[in-house]
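Biologist: I would like to learn how to read a model like this one. Please take me through it feature by feature.

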Amino acid sequence: MTISANDDRKSGAGPELGRTLEKLYISYSWICGRILEGEAGRAERLCSVSVGNFPVIAPSDDRPPAQSNAIKTCPTTGHGLVPPDRYDRPNRSQSLYWRQYIRNFRDLLAVGIGLCACGVAGQALAWGATGHRFIGRLAVETLPMDLPQFLHTPAAVEAEGELAREPDRWKGSGKIHDADRDAAHFLDLGDDGKVFGGPSLGDLPTTRADYDAALRAVGADSWKAGYLPYAIIDGWQQLTRDFAYWRVDTAAAKGVADPAHRAWFAQDGVRRQALLLRDLGTLAHYVGDGSQPMHVSIHFNGWGDFPNPDGFTKDRIHAPFEGAFVRSYVTQVSVRAAMTPYRECQCGIDARMREYLAATNQMVRPLYQLYKDGAFGKGDARGQAFVVARLAAGASELRDEIIDAWRASATSDVGWPAVKVADVLAGKLDPFDSLYGED
Ligand SMILES: [Zn+2]
């Protein structure tokens, strides 16, 4: 595939996405490159808008233009396909993302749901890079001092900002990888508090397998309906485990008698710290998704074909809302100022997660009402305040879940045979056999 330099520029005359951006009062201009060798062998054009880098393919035949988050162009150079921070090998990524885009585009045509379904799981990023980065950074930056010192560094704050984006950046790895994970980012929650009329958010089955079975009973499954609640709990349980191992490694590296054991624990602590940072980033992503109202609703990209007495928009507002609007009008400082104090849940992660996602779902109607009122216009404080509050809710919840994971790790077990973290911290035993492995 080759792409020519800018061969076409249009202002304000794009297809459907452009009209949506216009309604959000986000200025843009189309920058188009001619693709000389698309997968179909036809000359086609790939276009982007200068704000948010939303790519649009404009086929040379009579197929309609379509949007994809999977590929981006670089408005400054005009004809780059992939953003420079996505992979180290842009040439490989170019073809990878191009093939993914074509596949998604064909899927949309094949099932006849057209452009309105662009917000389905595989495409939705929620938030864009900017929103996820803010949430990851701010949660770590505002952790209390009783958490480990390695989290209280500028490097850790920066790392979590970037690692919070990882579940979006790993998209495109391959069909099996993506098909299983894409539905982790959302939950198609109905206005009745139920998922596809089946399981309700307030009483979700304990495991994802049970959840999937409950959905199949109503003709859906967890890949269609999304499984964000389980992704959040999975991430929290992993982080708690990481903290528990880190506590044991750190204590045993100083406290056990055998110098060889101490050396091994010190090394294991380094490994655990790296794992923990990565796992924290994964949790950060899904908690972040959980603060975006359209990721916790059947109205995920416009109100859709549901009862609509208030006349809410059916425009595809998902991507411009979470990406371009945030990047254009929201600052990290304003999000930090809107964060709330630690919320003591006095409940398990299951209940905490349910309360959090239910609160986000309550913001769906206000979001659509604000859109209807024109509150996402440039300079309109109402739209900005809403988005700032949503991002702050995500950052606050993430910080609180990290704190809870740290605390829960103190009373857990690790290794096999299992040893109590508290016993190791109290110097009661050398847990080497349990952690290094007896077999
Ligand atoms: Zn996501």
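Biologist: What should I know about the numbering and the confidence limits before starting?

Modeller: Residues are numbered from 1 along each chain as its sequence is written. This is a predicted model, in which local features need pLDDT of at least 70 and side-chain atom pairs count only at pLDDT 80 or more, while totals for chains, interfaces and linings use all residues.

Biologist: How many helices and strands are there in the protein?

Modeller: First, the rule. Helices are DSSP runs of H or I with at least four residues, strands are runs of E with at least two, and both are numbered from the N terminus. By that rule the protein has 17 helices and 7 strands.

Biologist: What share of the residues counts as buried?

Modeller: Burial is a neighbour count. C-beta atoms are placed from the backbone; 20 or more others within 10 Å means buried, 12 or fewer means exposed, and in between is partly exposed. Here 46% of the 439 residues count as buried.

Biologist: And what share of the contacts links residues 24 or more positions apart?

Modeller: A contact means two C-beta atoms, placed from the backbone, within 7 Å. Take the contacts with a separation of 6 or more: 67% of them join residues 24 or more positions apart.

Biologist: Which residues touch the most other members of the largest nonpolar core?

Modeller: A nonpolar core is a set of buried Ala, Val, Leu, Ile, Met, Phe, Trp, Tyr and Cys residues joined through C-beta atoms within 7 Å. The largest one has 82 residues, and Ile135, Ala284, Leu391 and Ala395 touch the most other members. Helix α9 gives this core its largest share, 13 residues.

Biologist: Which residues does isoleucine 135 touch?

Modeller: Leave out residues up to four places away in sequence. Isoleucine 135 then touches Ala164, Ala284, Gly288, Leu391, Gly394, Ala395 and Leu398.

Biologist: Now helix packing. At what angle do α3 and α15 cross?

Modeller: Two packed helices are described by the angle between their axes and the distance between the axes. Axes are lines fitted to C-alpha atoms, for helices over the stretch in contact, and angles run from 0 to 180 degrees between N-to-C directions. The axes of α3 and α15 (residues 381-409) come within 8 Å and cross at roughly 40 degrees. α3 and α15 are therefore oblique to each other. The cut-offs: under 35 degrees is roughly parallel, over 145 roughly antiparallel, 65 to 115 roughly perpendicular, and the rest oblique.

Biologist: Which residues of α3 and α15 meet?

Modeller: Gly131, Phe134, Ile135, Leu138 and Ala139 of α3 meet Leu391, Gly394, Ala395, Leu398, Arg399 and Ile402 of α15. This contact of α3 with α15 has 8 nonpolar, 2 polar and 1 charged residues. For these classes, Ala, Val, Leu, Ile, Met, Phe, Trp, Tyr, Cys and Pro are nonpolar, Asp, Glu, Lys and Arg are charged, and the others, Gly among them, are polar.

Biologist: How do α3 and α10 pack?

Modeller: Helix α10 spans residues 259-289; the α3 and α10 axes are 9 Å apart, at an angle of about 120 degrees. α3 and α10 are therefore oblique to each other. Gly131, His132, Ile135, Gly136 and Ala139 of α3 meet Gly281, Ala284, His285 and Gly288 of α10. The contact of α3 with α10 has 3 nonpolar, 6 polar and no charged residues.

Biologist: And how do α9 and α13 cross?

Modeller: The axes of α9 (residues 228-255) and α13 (residues 349-361) come within 10 Å and cross at roughly 135 degrees. That makes α9 oblique to α13. Pro229, Ile232, Ile233 and Trp236 of α9 contact Ile349, Asp350, Met353 and Leu357 of α13. By class, the contact of α9 with α13 has 7 nonpolar, no polar and 1 charged residues.

Biologist: Where is the cis peptide bond?

Modeller: The cis bond joins tryptophan 416 and proline 417, with omega about -5 degrees. Proline 417 lies in the loop between β6 (413-414) and β7 (419-420).
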